[in-house]
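Please keep the sequence and the model in view while reading.

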Amino acid sequence: MKSVCSQCHSRPFVDDEFAKGDDLTQAVNAKVTEAKDILEKLLNDDLHHTQAFRCPIKYTAFDLWHHYGRTAKFGGWMQGPDYAQWHGIYPLMSELAKLKEEAARLREKNAARGPDHRRRNRSREEHIMSGNASSGSQSSAD
Ligand code: HEC
């Protein structure tokens with residue numbers, strides 16, 4: 001790729017552009033990893049569902065990495081500072097702040113409910129994951 005760019009641009013310019021792109025990618029990945037770690041800890045403590053899009057925090061996490069993270073990276077690599085900053089990094093950081101608050105709220109809510117609720121929540125989740133939930137609703141319609 002660099003050899004293509006070097007047909008028109010100087011090599012130091014090309015190297016510098018690629019280095020800036022890599023820096024941005026790593027900065028975005030670090031924030032996404034931070035969010036992923038928060039979610040994984042919640043999951044380890046049985047504090048959120050394993051299924052995608054079951055609760056608000058999953059949407060926050062998805063928007064953060066899939067929408068804003070991607071926009072920031074594309075914006076950076078494609079010379080679009082407005083996309084890198086205002087449509088990318090800025091909302092990504094705002095979603096990360098929201099995710100931290102949602103995680104703290106889940107922990108508080110759960111602490112108030114006590115350990116029994118967590119166990120019930122987990123067994124209900126396993127029930128749904130094994131497909132028994134739909135057969136349950138079918139039998140009630142019969
Ligand atoms: C066929 C020649 C050509 C090739 C190949 C080329 N560029 Fe360019 N590039 C230009 C020209 C001409 C401009 C200036 C366009 C303008 O200012 O309107 C430019 C502008 C840029 C700018 C904006 C510079 C600034 O200060 O605004 C960047 C960054 C850039 N190119 C990166 C790359 C990269 C990375 C590649 C390889 C993937 C590449 N270019 C391949 C000709 C080329």
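**A bend in helix H4**

Helix H4 bends by about 25 degrees at Ile89, and a proline, Pro91, follows within four residues. The bend at a residue is the angle between axes fitted to the seven residues ending there and the seven starting there. The model is predicted: local features require pLDDT of at least 70 and side-chain atom pairs count only at pLDDT 80 or more, while totals for chains, interfaces and linings use all residues. Residues are numbered from 1 along each chain as its sequence is written.

**Overall make-up**

- The protein chain contains six helices and zero strands, and its elements run α-α-α-α-α-α from the N terminus on.
- Helices (H or I, at least four residues) and strands (E, at least two) are DSSP runs, numbered from the N terminus.
- Of the 142 residues in the protein chain, 16% are buried. A residue is buried if 20 or more other C-beta atoms lie within 10 Å of its own, exposed if 12 or fewer, and partly exposed in between, with C-beta atoms placed from the backbone.

- Helix H2 (residues 11-44) has 34 residues and reaches 48 Å from its first C-alpha to its last, close to the 50 Å expected at 1.5 Å a residue. The expected span of a helix is 1.5 Å times one less than its number of residues.
- The 22 residues of H3 should span 32 Å at 1.5 Å a residue, which agrees with the 31 Å between its end C-alpha atoms.
- H3 has a kink of about 30 degrees, centred on Asp63.
- The buried residues of H3 include Ile57, Thr60, Ala61, Leu64, Tyr68 and Lys73.
- For the 33 residues of H4, a span of 48 Å should result at 1.5 Å a residue, and the distance of 46 Å between its end C-alpha atoms agrees.
- Among the buried residues of H4 are Gly88, Ile89, Leu92, Glu95 and Glu102.

**How the helices pack**

- Two packed helices are described by the angle between their axes and the distance between the axes.
- Helix H3 (residues 56-77) packs with helix H4 (residues 81-113) at an angle of about 160 degrees, and their axes are 8 Å apart. H3 is therefore roughly antiparallel to H4.
- By class, the contact of H3 with H4 has 17 nonpolar, seven polar and four charged residues. Ala, Val, Leu, Ile, Met, Phe, Trp, Tyr, Cys and Pro count as nonpolar, Asp, Glu, Lys and Arg as charged, and the others, Gly among them, as polar.
- H2 and H4 pack at an angle of about 15 degrees, with their axes 10 Å apart, and are therefore roughly parallel to each other.
- Axes are lines fitted to C-alpha atoms, for helices over the stretch in contact, and angles run from 0 to 180 degrees between N-to-C directions. Angles under 35 degrees count as roughly parallel, over 145 as roughly antiparallel, 65 to 115 as roughly perpendicular and the rest as oblique.
- H3 passes H4 in a left-handed crossing, and H2 passes H4 in a left-handed crossing. A crossing is left-handed if the near helix is turned anticlockwise from the far one by less than a right angle, and right-handed if clockwise.

- Most residues other than glycine have a negative phi, and most peptide bonds are trans.
- Asp46 lies in the loop between H2 and H3 and has a positive phi, near 60 degrees. With 16 other C-beta atoms within 10 Å, Asp46 is partly exposed.
- Gln79 is found in the loop between H3 and H4, and its phi is positive, near 60 degrees. Gln79 counts as exposed, with 10 C-beta neighbours inside 10 Å.
- Cys5 belongs to helix H1 (residues 2-5) and counts as partly exposed, with 15 C-beta neighbours inside 10 Å.
- Cys5 and Asp15 are 10 residues apart in sequence and 9.8 Å apart in space, C-alpha to C-alpha.
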